[in-house]
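Please consult the sequence and structure shown here alongside the text.

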Amino acid sequence: PETGTDAVDAVFANAAAHTMAATVLGYAETFSILLRKRNGGRLDLPAFTSAVTGLQSETIDNVDFAFLAIDDAAILSGIPLIQRHNLNSADAVILAVILRYARLTPTSPILLISADHRLLRAAQAEGVRTLDPESFPAVDVASLLASL
């Protein structure tokens, strides 16, 4: 467990009424973090295996979980976001995909969950609601999701 785990767990526990989505890039980044922790000795093999299995079952294998496509148009749409918000290219393309999704589904509430403060500030500046799991109390997640 690390800071923010309780809040993220609460999001998954209360997500039944909401569509959960990510990019495959986000999935790969999460997997790489878990592997780094395994290789660095901070996760033993059983904990790593459990975490990777959980990641896959909560996302890839979950029919209620969506993946937002990253295509060339999204990558190019991220360039102005890099300039405007000093983002790295991966964060810019993720934000571009979220903004595209918001335009295509204007009645769907969007909540970006990230601990990356630069990405959170950029998303807020672009009009996207955000949640930083490292500073948001897990007990307040259900009411936040209900308010979307």
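## Surroundings of His-85

Leaving aside its neighbours within four places in sequence, His-85 is in contact with Arg-118, Ala-122, Ala-125 and Glu-126. The model is a predicted one. His-85 belongs to helix 4, which spans residues 72-85. With a relative accessible area of 17%, His-85 is buried, and its side chain makes a polar contact with the side chain of Glu-126 at 2.6 Å.

## Salt bridges

The count of salt bridges comes to two. In one of them, the side chains of Arg-84 and Glu-126 meet at 2.9 Å, N to O. This pair links distant parts of the chain, with Arg-84 in helix 4 and Glu-126 in the loop between helix 6 and strand 4 (129-131), 42 residues apart. Arg-84 is exposed at 53% relative accessibility, whereas Glu-126 is partly exposed at 27%.

A salt bridge also joins the side chains of Arg-100 and Asp-71 (3.0 Å, N to O). Arg-100 lies in helix 5 and Asp-71 in the loop between strand 2 (65-67) and helix 4, so the pair ties together parts 29 residues apart in sequence. Arg-100 is partly exposed, at 22% relative accessible area, and Asp-71 is partly exposed at 32%.

## Nonpolar cores

The largest nonpolar core has 18 residues, of which Leu-81, Leu-87, Leu-95, Ile-98, Leu-112 and Val-128 touch the most other members. Helix 4, helix 5 (89-104) and helix 6 (117-125) each give two or more residues to this core; helix 5 gives the most, with eight.

A second, separate core of 11 residues includes Ala-15, Phe-65, Leu-111 and Val-141.

Terms used: Residues are numbered from 1 along each chain as its sequence is written. This is a predicted model: local features need pLDDT of at least 70, side-chain atom pairs count only at pLDDT 80 or more; totals for chains, interfaces and linings use all residues. Side-chain values use heavy atoms; hydrogens and water are left out. Helices (H or I, at least four residues) and strands (E, at least two) are DSSP runs, numbered from the N terminus. Buried means under 20% relative accessible area, exposed over 50%, partly exposed in between (1.4 Å probe, protein chains only). A polar contact is a pair of N or O atoms within 3.5 Å; within protein, one must be able to donate a hydrogen and the other to accept it, and residues adjacent in sequence count only if both atoms are side-chain atoms. Contact means heavy atoms within 4.5 Å. A nonpolar core is a set of buried Ala, Val, Leu, Ile, Met, Phe, Trp, Tyr and Cys residues joined through side-chain atoms within 4.5 Å. A salt bridge is a side-chain nitrogen of Lys or Arg within 4 Å of a carboxyl oxygen of Asp or Glu.
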